[in-house]
Structures are given as structure tokens and as C-alpha cells.
Amino acid sequence: SGGTYKGAASTEIIACCAGESSSDVLAKYPMNGNFRDYSGNGYHLSAKILSPASDRKGQARKAYEFRSNALYPKFPLIHGDFSYAFWVNPKRNTPLIPESTRGMRAYYTDQQYVIFPAHGGDGNNAGVGVSVGKNGVQVVEHKHIYMPVVISWRANLTGWTHVAVVVDDHVPTLYINGKMVKRGVKSGKNTFLSLKIGVNHTYYGRFYGELDDMIFYARSLTSQEVVRIYNTNFINQQIDPAIGK
């Protein structure tokens with residue numbers, strides 16, 4: 001497919017042993033007036049290209065609006081086990097595509113990528129991204145001549161919705177508002193955590209909507225942890241909501 005894979009960092013992490021980890025927050029973005037990372041890992045981003053928005057509680061300037069914008073956190077490459085969680089208020093539909101573990105049908109559609117699936121190159125590596133529209137959520141994998149939708153979930157999303165994607169041993173699971181709604185299958189690709197929030201390529205599709213309380217984990221979350229993240233209010237910006245400390 002189109003695009004060139006560019007490693008955002010020289011470090012590579014093969015995630016494992018999730019049950020032994022106490023946190024493994026990679027980056028945490030409460031978006032309370034900025035796009036700073038409150039995990040302590042320093043993956044701060046500039047919000048200058050974004051417009052502030054009201055969050056799900058109606059608080060002004062506590063979330064951000066995306067209109068074909070992209071941000072590039074310089075995360076290490078994390079394969080196999082990782083998680084995304086965020087609040088999103090999509091403003092457009094996204095083309096829903098039948099699930100597959102082959103082909104590149106997502107490449108030919110105008111997806112609403114909250115997290116863009118990074119290009120994994122010519123080998124077996126594939127980035128994992130998340131497209132969210134008012135009509136549903138899709139999980140997409142991406143490498144050379146490979147861009148299928150591995151999870152497609154149709155819904156009617158009105159207003160703010162919490163989305164979490166947990167990848168456990170390369171198998172993705174989709175959670176909506178704390179509840180597991182769909183589990184994918186192992187595609188056979190060496191999947192990795194993506195390195196781009198939003199996207200600004202017309203041939204991939206661009207996210208239009210509002211985003212808040214985004215968090216990345218260098219491990220797979222449990223279903224109980226997803227519920228805790230969904231229920232947190234993010235007032236204490238330093239706390240890992242999955243473990244409460």
C-alpha cells in the first residue's frame with residue numbers, strides 16, 4: 001500500500017509478561033489544556049495545530065478537535081501485547097468493511113483514523129490502527145500490500161464514547177464503554193503499537209471529531225482494567241487508571 005514506513009525510535013520492545021507488570025503506561029494524555037504526557041515517560045506533543053474543545057463533562061478547552069490533523073509521538077516499537085484507550089466524539093461516518101486477514105480493502109476507503117495503523121514495511125510487521133465513525137469502529141492492520149479490517153463493529157455512536165483496543169499475543173479485542181464487544185483473530189502478522197495519532201493523508205482517510213483522555217499501554221490490559229479506565233475521571237493526572245495508583 002501507499003506510504004513509507006519510518007521507525008519513530010531506535011528502541012524496540014517485544015512486550016511480554018503482562019501479568020507481572022504493575023503499570024506499563026507508555027503515554028497518558030489527559031488533554032487538560034495541553035497535549036502533555038503525564039506518564040512520566042516524556043512523550044509530550046504540541047497541540048498548536050488543534051482546536052480546543054469541550055470534554056464529555058462540558059468543560060471548555062479540556063479536549064481537542066481533529067480536522068485532518070496528525071500528531072507523531074516518538075514511541076518505541078512494541079510488538080505483540082499493547083493497548084489503546086481513549087474518549088472520542090466522532091463527527092463523520094467511516095466506511096465499514098467486512099473483516100479479513102488478507103488484502104488491502106481499507107486502503108481504498110476514507111477511514112476515520114483516531115490512531116493510524118503505521119506501515120510495517122515489506123516484512124511481516126504490521127501496525128495496528130483504530131478508525132472511529134458515528135456508525136462504528138474498525139481495527140486495521142497495515143504493511144506492504146496489506147491493509148485489511150481485522151475487527152469491524154457497527155453501531156450508532158452519539159456523543160462521547162470510550163474506545164479501548166487490547167492486543168494480546170497479536171489478537172485484538174475491542175471494548176466500547178468498558179464492555180467487550182468483539183474479539184479478532186490472529187492474522188499471522190507481527191503486529192505493533194502505532195506511532196501516529198490521527199492522519200492527514202487523503203488516500204487513507206482523516207479523522208474528524210473530538211478526542212480526550214487518551215492512554216497507551218506497553219502491555220495488554222485485562223477486561224477489569226478496561227472498566228477501571230472507563231470509570232476514571234482523570235482528575236489526578238499522575239494516576240494510572242488501570243491500577244488506581
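Guide: Arg56, Asp212 and Asp213 are linked in a network of salt bridges, a salt bridge being a side-chain nitrogen of Lys or Arg within 4 Å of a carboxyl oxygen of Asp or Glu. The model is predicted, and local features need pLDDT of at least 70, side-chain atom pairs count only at pLDDT 80 or more, while totals for chains, interfaces and linings use all residues. Residues are numbered from 1 along each chain as its sequence is written, and side-chain values use heavy atoms, with hydrogens and water left out.

The structure holds six salt bridges, and among them is the one between Lys182 and Glu99, whose closest N and O atoms are 2.9 Å apart. This pair links distant parts of the chain, 83 residues apart, with Lys182 in strand 14 (residues 179–183) and Glu99 in the loop between strand 7 (82–90) and strand 8 (113–115); strands (E, at least two residues) are DSSP runs, numbered from the N terminus. Lys182 is partly exposed, at 28% relative accessible area, and Glu99 is partly exposed at 40%, where buried means under 20%, exposed over 50% and partly exposed in between (1.4 Å probe, protein chains only).

Another salt bridge joins the side chains of Lys186 and Asp169 (2.9 Å, N to O). Lys186 lies in the loop between strand 14 and strand 15 (190–193) and Asp169 in the loop between strand 12 and strand 13 (171–176), so this pair ties together parts 17 residues apart in sequence. Lys186 counts as partly exposed at 45% relative accessibility, as does Asp169 at 41%.

Note on methods. Helix = DSSP H or I, 4+ residues; strand = E, 2+ residues; numbered from the N terminus.
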